[in-house]
Amino acid sequence: GLSTHGRQWVEVAKVVRTRTSEQVKCHARSYFQQLEREGKADLIPPPGKRGGGGGTGEKWTPEEHERLVTAFTLYPRKWTKIAEHVGTKTLKQTHNHGRNYMKLLEWEGKAVPPPEQTKW
């Protein structure tokens, strides 16, 4: 996990296999604080570079994108369900990637699910 992938949380989560990248990152932060209290800060991997826009900078794998496309078909614009189906990205990451995917579909002239109806 950490020794191989450092702070690449999606990659660490793939090794763990039972937690999302967000859960792994949260646990690691607690662990890093414990190491600092014990005077073992030299064991903490250095922060990685981040991409713009506040994301993790981790690209979507083809498998993750396929899961998004499948979930998008099953649960049009139900971002929480789609994120759960993807399993390795946060709700915000899923929503952003899904919105960009919808823009691509629109640009290609393909069908896009209508916006969710607001209930008054």
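Select Gln-93. At 14% relative accessibility, this residue counts as buried (buried means under 20% relative accessible area, exposed over 50%, partly exposed in between, with a 1.4 Å probe and protein chains only). Gln-93 sits in helix α6, residues 91-107. Helices here are DSSP runs of H or I with at least four residues, strands are runs of E with at least two, and both are numbered from the N terminus.

Before going on, know that this is a predicted model, where local features need pLDDT of at least 70, side-chain atom pairs count only at pLDDT 80 or more, and totals for chains, interfaces and linings use all residues. Residues are numbered from 1 along each chain as its sequence is written, and side-chain values use heavy atoms, with hydrogens and water left out.

The side chain of Gln-93 reaches the backbone nitrogen of Thr-90 at 2.7 Å.

**The whole chain**

Zoom out and colour by secondary structure. The protein chain has six helices and zero strands. Along the sequence the pattern reads α-α-α-α-α-α. The chain has 120 residues, and 30% of them count as buried. Now think about contacts, meaning heavy atoms within 4.5 Å. Take those in the chain with a separation of 6 or more: residues 24 or more positions apart account for 45% of them.

**Helices α5 and α6**

Select residues 79-86 for α5, and 91-107 for α6. Two packed helices are described by the angle between their axes and the distance between the axes. Axes are lines fitted to C-alpha atoms, for helices over the stretch in contact, and angles run from 0 to 180 degrees between N-to-C directions. How are α5 and α6 placed? They pack at an angle of about 105 degrees, with their axes 9 Å apart. The two are therefore roughly perpendicular to each other. The cut-offs are these: angles under 35 degrees count as roughly parallel, over 145 as roughly antiparallel, 65 to 115 as roughly perpendicular and the rest as oblique.

Show the side chains at this contact. From α5, pick Trp-79, Thr-80, Ile-82 and Ala-83. From α6, pick Leu-91, Thr-94, His-95, Gly-98, Arg-99 and Met-102. By class, that gives five nonpolar, four polar and one charged residues. Ala, Val, Leu, Ile, Met, Phe, Trp, Tyr, Cys and Pro count as nonpolar, Asp, Glu, Lys and Arg as charged, and the others, Gly among them, as polar.

**Helices α2 and α3**

Go to α2, residues 9-16, and α3, residues 21-37. The axes of α2 and α3 come within 8 Å and cross at roughly 100 degrees. These helices are therefore roughly perpendicular to each other. Trp-9, Val-10, Val-12, Ala-13 and Val-16 of α2 meet Ser-21, Val-24, Lys-25, Ala-28 and Phe-32 of α3. Here the classes are eight nonpolar, one polar and one charged.

Centre on Lys-25, in helix α3. Is Lys-25 buried or exposed? Lys-25 is buried, with a relative accessible area of 14%. Draw a distance to Ala-13: the C-alpha atoms are separated by 8.8 Å, though the residues are 12 apart along the chain.

Glu-22 and Lys-25 are three residues apart in α3, so about one helical turn separates them. Glu-22 is partly exposed, at 37%.

**More salt bridges**

How many salt bridges does the structure hold? The structure holds five. For another, select Glu-38 and Lys-40, with N and O 3.6 Å apart. Glu-38 is partly exposed, at 43% relative accessibility. Lys-40 is partly exposed, at 38%.

**Last stop: Glu-64**

Select Glu-64 and Lys-89. They form a salt bridge, with the closest N and O atoms 3.8 Å apart. Glu-64 lies in helix α4 (residues 62-74) and Lys-89 in the loop between α5 and α6, so the pair ties together parts that are 25 residues apart in sequence. Both Glu-64 and Lys-89 are buried. For Glu-64, the relative accessible area is 1%.

A polar contact of 2.5 Å joins the side chains of Glu-64 and Thr-88. A polar contact is a pair of N or O atoms within 3.5 Å; within protein, one must be able to donate a hydrogen and the other to accept it, and residues adjacent in sequence count only if both atoms are side-chain atoms. Finally, show what else Glu-64 touches. Leaving aside neighbours within four places in sequence, Glu-64 is in contact with Val-10, Lys-59, Val-86, Thr-88 and Lys-89.

Conventions:
Salt bridge = Lys/Arg side-chain N within 4 Å of Asp/Glu carboxyl O.
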